[in-house]
Amino acid sequence: MWTEVAKVGDIAAGGLKFVKLGGAQAALANCDGTFFAVGRRCGHMNAPLDQGTLAGFVLTCPLHYAQFDVRDGTVLAYPLDRYFGAEPLPAAARHVLDVEQRLQRKIRVDGLATWPVRVTGESIEVDL
Ligand code: FES
C-alpha cells in the first residue's frame with residue numbers, strides 16, 4: 001500500500017529525514033532527486049541514521065561511521081576507529097578507548113531494511 005510520507009520539498013538534495021512507516025521508522029534519503037527509504041536505526045548499535053551524512057548513495061552513521069548503500073541497505077564499511085589527533089592521550093584514556101574499539105569490532109553490523117519509494121507529483125510515497 002503506497003502511503004505519502006513527505007513532500008519532495010521537505011528534503012534538500014543530499015539530505016535525510018526521519019519518517020514513520022506504520023510501526024517502523026525510516027530515514028528518507030534524497031540522492032539528487034531520487035528518494036530511498038532505509039531503516040532509521042544503524043545496523044551496528046542503533047544510532048539514528050537520519051542524523052548521519054549522505055554522499056551520493058552512501059549513508060554514513062553519525063556514531064561510529066559505518067556506511068550503508070541506501071539503494072539496497074547493504075553494509076559498505078564497518079565502524080572506524082576514532083582518531084583524536086597526533087597528541088598522545090593519557091594512558092588511562094588510551095586503555096579505555098582501546099578496549100572500546102576492540103569490543104566494537106566484535107559487534108556485528110547488519111544491513112538496513114529498505115522500502116520501495118516513488119514520487120507522485122509533490123508527494124514522496126513509500127510502499128508499506
Ligand atoms: S551505531 Fe552506527 S556505526 Fe556504530
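Predicted model: local features only at pLDDT ≥ 70, side-chain atom pairs only at ≥ 80, totals over all residues.
## A first look at this protein chain

Residues are numbered from 1 along each chain as its sequence is written.

**Overall layout**

- Read along the sequence, the elements follow the pattern β-β-β-β-β-β-β-β-α-β-β-β.
- The C-alpha trace spans about 60 × 25 × 20 Å along its principal axes.
- Of the 128 residues, 26% are buried, meaning that 20 or more other C-beta atoms, placed from the backbone, lie within 10 Å of the residue's own.
- Among contacts with a separation of 6 or more, 46% join residues 24 or more positions apart; a contact here is a pair of C-beta atoms, placed from the backbone, within 7 Å.

**The largest nonpolar core**

- A nonpolar core is a set of buried Ala, Val, Leu, Ile, Met, Phe, Trp, Tyr and Cys residues joined through C-beta atoms within 7 Å.
- The largest one has 24 residues, and those touching the most other members are Ala-27, Leu-28, Ala-29, Phe-36, Ala-37, Val-38 and Leu-59.
- At least two residues of this core come from each of strands S1 (2-7), S2 (16-21), S3 (24-31), S4 (34-39) and S11 (123-127).
- Leaving aside residues up to four places away in sequence, Val-38 touches residues including Ala-27, Leu-49, Leu-59, Phe-68, Val-70 and Leu-112.

**A three-stranded sheet**

- Three strands make an open sheet in the order S1-S11-S10, with antiparallel pairing; strands count as paired if DSSP finds at least two bridges between them.
- S1 and strand S10 (117-120) stand at the edges with a single partner strand each, so one side of each has no neighbour in the sheet.
- On average, neighbouring strands of this sheet are turned by 35° against each other, direction ignored; the angles are taken between lines fitted to C-alpha atoms, on a scale from 0 to 180 degrees.

- S10 and S11 pair in the antiparallel sense over four bridges.
- Arg-118 has Glu-125 in S11 as its bridge partner, and Thr-120 stands opposite Ser-123 in S11.
- Two residues lie between the strands of this hairpin, where Gly-121 takes a positive phi near 65°.

Methods:
Buried ≥ 20, exposed ≤ 12 C-beta atoms within 10 Å, placed from the backbone. Contact = placed C-beta atoms within 7 Å.
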